[in-house]
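Open the model in your viewer and keep the sequence panel beside it.

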Amino acid sequence: MHILFVVPYPAGKAPSQRFRFEQYLHFLTQAGHTYQLEPFISDATWAILYKPGHTLSKALGILAGFLRRFLLLFSVPKADFVFIHREASPIGPPVFEWIIAKVLGKRIVYDFDDAIWIPNTSAANSIVAGVKWHHKVGSICRWAYKVSCGNSYLQRYAQQFNPNAVVNPTTIDTVNLHNQVKDQRTEKLVIGWTGTHSTMKYLEQVVPVLAELEQHYDFEFRVISNQEPQLPLRSLGFRPWRKDTEIEDLLTFNIGLMPLEDDPWAKGKCAFKALQYMALGVPALVSPVGMNSEVVTEGVNGYICATYQQWYDGLEKLLQDHDLRTRFGQAARATIEARFSVEANRPNFLALFA
C-alpha cells in the first residue's frame, strides 16, 4: 500500500508526531508499504511559529502551507490510505478533508491526541484564534474510515460520529530512544518537569509544595522546556529542550511531575510526560486527570496526587528513600514496556491500515 501522511509540522519536530506515528514508519517499510509525509508548516515557519511577533512571516508561512495543500491534492489519488494527524490545515473549515474523502473517495485514518475540538489557543498563536474552526473535528471523524484516538476520553467523543474509533495510545520507543534506566543513587536529587510553554501553567499547583519542601530538603526543581519559567523557587533550575540531548536531560531526574487541572481540555491528555519519565525508570507523580490514572498505579510505580498534602507526602517519601525510588522506577519501566511501548503497540498501529 501507499500511505499519505497529511500532518501539521515538519518531520522530527513536534512530540505528537514523533511519538504517535513517526516512530512506526520503518515498520510500514518493513511490511512492504510506501509512505509520503506532507507537512503544512515548513521548517522556516516552524522556527518562529511559537515565538512572539513575526506576524507577517507567520502569515506568509500559512499561505504557503495552503498552496502546498492545494498542490498535494494531485498526489492523493495514488494513495491507498490518507493518515491525517489533527487536521490538514490549522485554520478554516475542513475543505481538504472533505475533498479527500468525498470527492476523491480515499480512506482517511484520522488521528488526534488532544481534545482539539475545544478552543485552547495560546497567546503565541492568538493571531489565528478566531479562525481555528475547532468544530470541524466532528465532521472529519464522520468522514474517516477509522479514527485513531490517544485515549478513551477522545475515543468516546469520536464515537459520537464514527463507530470505527479506536484507542491508539501515544507510545515510547524503549529500544532505540528511551533505552536507559535511571540510577537513583545520586548525590544531588532532582525533581523534574518537562513540557512546552503552553502547559507550564499546570505547575502553579505544585509551586507551594516545592517551596515548603525546599525549606527541609536539598534538591533542584529542574524544568526542561522551550521557554524559561518564572517561578518563586530558590531550587529552580532550567535547561532548554533540545532533541539531541532529550534523553540525557531526562535522565537527570530522580522524580518526574505531571500536574494537570481537571478540565475538559486536560482530560484529553495522554500522559505523555509520565510515559517519558517512567520509560527511563523515573517514578512519576501525577494528577488524576486524563490517562494519568491508567499509567500510574498508586504506590507501585508512582503516586496519584489530587491535594497539596498528597503532593507533599509523595515527594517527601521519594526524596527520603532511594530504594523506594529504585523500586518504583523498575515498576514504571516494566509498565511502559508491557503496555505503552512501540513494540507492544505495533500490531495496534498497523491494524489502522487493515
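## Stop 1: a pair within helix 14

This is a predicted model. Select Glu 337 and Arg 333. The two form a salt bridge, with the closest N and O atoms 3.1 Å apart. Both sit in helix 14 (residues 322–339), and because they are four residues apart there, about one helical turn separates them. An α-helix has 3.6 residues a turn, so residues three or four places apart point the same way.

Is Glu 337 buried or partly exposed? Its relative accessibility is 40%, so Glu 337 counts as partly exposed. Arg 333 counts as buried, at 13%.

Next, select Arg 86, Asp 113, Asp 114 and Lys 269. Salt bridges that share partners join these four into one network. A search of the whole structure finds 13 salt bridges.

## Stop 2: Asp 113

Asp 113 is in the loop between strand 4 (107–112) and helix 6 (136–143). Its relative accessibility is 9%, so Asp 113 counts as buried.

Show the side chains around it. The side chains of Asp 113 and Arg 86 are joined by a polar contact of 3.3 Å. Beyond four places in sequence, Asp 113 is in contact with several residues, including Ser 16, His 85, Gly 150, Thr 170 and Cys 270. Arg 20 is also among its contacts. How far apart are the C-alpha atoms of Asp 113 and Arg 20? They are separated by 8.3 Å, although the residues are 93 apart along the chain.

## Stop 3: helix 6

Follow the chain to helix 6. Six of its eight residues are buried, and the helix is mostly covered. Select the buried residues: Lys 136, Val 137, Gly 138, Ile 140, Cys 141 and Trp 143. They pack against helix 5 (95–103), strand 4, strand 5 (146–149) and helix 7 (152–159).

Glu 87 lies in the loop between strand 3 (81–85) and helix 5, while Lys 136 is in helix 6, so the pair links distant parts of the chain, 49 residues apart. Both Glu 87 and Lys 136 are buried.

## Stop 4: a pair between two loops

Select Lys 188 and Asp 218. Their salt bridge has its closest N and O atoms 3.2 Å apart. Lys 188 lies in the loop between strand 6 (165–167) and strand 7 (189–194), and Asp 218 in the loop between helix 8 (207–213) and strand 8 (219–225), so the pair ties together parts 30 residues apart in sequence. Lys 188 counts as partly exposed, at 40% relative accessibility. Asp 218 counts as exposed, at 59%.

## Stop 5

Most residues other than glycine have a negative phi. Two exceptions come next.

Select His 54. Its phi is near 55°, a positive value in a residue other than glycine. His 54 lies in the loop between helix 3 (43–48) and helix 4. It is partly exposed, with a relative accessible area of 41%.

Then go to Ala 271. Its phi is about 60°, again positive, though Ala 271 is not a glycine. Look for it in the loop between helix 10 (264–267) and helix 11 (272–279). Ala 271 counts as buried, at 0% relative accessibility.

Ser 293 lies in helix 12 (residues 292–295), and counts as partly exposed at 39%.

## Stop 5: a nonpolar patch

Return to the surface view. Select Leu 67, Phe 70, Leu 71 and Phe 74. They form a nonpolar surface patch with about 460 Å² of accessible area together. Phe 70 belongs to helix 4 (residues 55–72). It is partly exposed, with a relative accessible area of 47%.

## Stop 6: His 33

Finish at His 33, in the loop between helix 2 (25–30) and strand 2 (34–39). Its side chain reaches the backbone nitrogen of Met 1 at 3.2 Å. Setting aside residues up to four places away in sequence, His 33 touches Met 1 and Leu 28.

Definitions and conventions: Residues are numbered from 1 along each chain as its sequence is written. This is a predicted model: local features need pLDDT of at least 70, side-chain atom pairs count only at pLDDT 80 or more; totals for chains, interfaces and linings use all residues. Side-chain values use heavy atoms; hydrogens and water are left out. Patches are made of residues with over 30% relative accessible area and no salt bridge: like charges are joined within 9 Å, nonpolar side chains (Val, Leu, Ile, Met, Phe, Trp, Tyr) within 5 Å. Accessible areas come from the Shrake-Rupley method with a 1.4 Å probe; for residues, only the protein chains shown count as cover. A salt bridge is a side-chain nitrogen of Lys or Arg within 4 Å of a carboxyl oxygen of Asp or Glu. Buried means under 20% relative accessible area, exposed over 50%, partly exposed in between (1.4 Å probe, protein chains only). A polar contact is a pair of N or O atoms within 3.5 Å; within protein, one must be able to donate a hydrogen and the other to accept it, and residues adjacent in sequence count only if both atoms are side-chain atoms. Contact means heavy atoms within 4.5 Å.
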